[in-house]
Amino acid sequence: MSRKIIVAGNWKMNKNAAEGKALVEALKNELADLDFNEVEVVVCPPFTTISSVIEAASGSAIGVGAQNIHWAPSGAFTGEISADMLVSTGVKYVIIGHSERRQYFGETDATVNSRLKAAIAAGLIPIVCVGETLAEREGNRTEEVLARQITEGFAGISAEDGAKIIVAYEPVWAIGTGKTATPDIAQAAHSFIRSQLAGVFGTDAAEAIRIQYGGSMKPENARALLSQPDIDGGLIGGAALKADSFAKLIREAVAGSKN
Ligand code: PGA
């Protein structure tokens with residue numbers, strides 16, 4: 001099965017409204033001749049930058065996503081944002097369960113599961129992050145951790161909905177550290193993740209699900225990573241904050257996916 005690759009920029013807590021607009025305008029120029037049939041491109045700004053980015057991206061094929069979603073439709077949840085609020089901004093994607101949220105904001109597999117259900121119900125495309133810490137990898141617990149994150153995070157989701165989810169494999173030790181997983185290490189994890197997805201959703205859905213790699217992906221390593229059979233894109237932090245590096249990375253990813 002051929003899966004359309006997807007490269008998404010996770011801006012984290014960077015770029016105010018004006019800076020986000022400028023970045024997307026520069027990105028539109030950089031990608032003017034890109035064949036968007038070959039790759040889906042998404043940017044995920046902070047909540048307060050979403051509306052200026054949506055405006056700047058309009059008329060282009062660049063998709064826009066949020067970085068978090070609350071599971072309740074409304075109510076006394078100070079500081080949180082509901083699915084309906086996200087939909088009303090025009091975003092189409094939402095990152096769920098990023099390791100920084102697991103590490104600093106008490107995110108668990110159970111809260112990931114609740115957020116995922118809210119996103120699916122609202123028709124948003126979820127990008128669900130999984131990945132092991134350095135201690136877990138060194139303790140030979142990578143597969144155990146990934147299996148738990150997938151079975152608990154994706155519990156109670158139908159195969160039909162499951163097929164639309166995007167999974168991002170982000171080994172925590174590779175995020176923002178400059179240490180990328182080698183293409184072989186990443187491929188082994190992606191293949192394991194796909195086998196776990198098959199256990200939850202069945203083989204057809206698992207074959208349709210796109211699995212991004214994330215963690216110090218750059219223009220220099222994107223091609224080799226995307227050459228791997230189970231790596232279907234990237235979730236990019238640092239290298240997505242400049243239009244030229246993000247555009248270069250996207251082109252390298254497309255080239256790699258054709259190998
Ligand atoms: P990085 O971040 O590319 O800066 O390592 C990736 C991510 O956290 O999504």
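Leaving aside neighbours within four places in sequence, Ala243 is in contact with Leu23, Ala26, Leu27 and Glu30, where contact means heavy atoms within 4.5 Å. Ala243 and Ala26 are 217 residues apart along the chain, yet their C-alpha atoms are separated by 5.8 Å. Ala243 belongs to helix H12, which covers residues 243–257; helices (H or I, at least four residues) and strands (E, at least two) are DSSP runs numbered from the N terminus. With a relative accessibility of 8%, Ala243 counts as buried, a term that means under 20% relative accessible area, with exposed meaning over 50% and partly exposed the range in between (1.4 Å probe, protein chains only).

The model is predicted: local features need pLDDT of at least 70 and side-chain atom pairs count only at pLDDT 80 or more, while totals for chains, interfaces and linings use all residues. Residues are numbered from 1 along each chain as its sequence is written, and side-chain values use heavy atoms, with hydrogens and water left out.

**The chain as a whole**

The secondary structure of the protein chain comprises 12 helices and 8 strands. The radius of gyration of the chain is 17 Å, close to the 18 Å that the globule rule gives for 259 residues, so the chain is as compact as a globular protein of that length. This radius is taken over C-alpha atoms, and the rule is 2.2 Å times the number of residues to the power 0.38. Along the principal axes, the C-alpha atoms fill a box of roughly 50 × 45 × 35 Å. Of the 259 residues, 53% count as buried. Among contacts between residues at least 6 apart in sequence, 73% join residues at least 24 apart. The accessible surface of the chain is about 11000 Å², and 52% of it belongs to carbon and sulfur atoms; areas come from the Shrake-Rupley method with a 1.4 Å probe, and for residues only the protein chains shown count as cover.

His190 is found in helix H9 (residues 183–201) and is buried, with a relative accessible area of 0%. Beyond four places in sequence, His190 touches Tyr169, Ile211, Gln212, Tyr213, Asp230 and Ile231. Ile231 is placed in the loop between helix H11 (219–226) and strand S8 (233–236), and at 3% relative accessibility Ile231 is likewise buried. The contacts of Ile231, with the same exclusion of sequence neighbours, are Ala186, Gln187, His190, Ile211, Tyr213, Leu225 and Leu226. Gln228 also has its place in the loop between H11 and S8; its relative accessible area is 17%, and it is buried. Gln228 touches Pro183, Asp184 and Gln187, not counting residues up to four places away.

**The ligand site**

Of the 13 residues around the ligand, Lys12, His98, Glu170, Gly176 and Ser216 come nearest; a residue is near if one of its heavy atoms lies within 4 Å. The shell divides into 4 nonpolar, 7 polar and 2 charged residues. The table lists polar contacts, that is, pairs of N or O atoms within 3.5 Å.

| Residue | Protein atom | Distance to a ligand oxygen atom |
|---|---|---|
| His98 | polar side-chain atom | 2.7 Å |
| Gly237 | backbone N or O atom | 2.9 Å |
| Gly238 | polar backbone atom | 2.9 Å |

Taken alone, the ligand exposes 280 Å², and the protein buries 95% of that area.

How values were computed:
Polar contact = N/O pair within 3.5 Å; in protein donor to acceptor, adjacent residues only side chain to side chain. Nonpolar A, V, L, I, M, F, W, Y, C, P; charged D, E, K, R; others polar.
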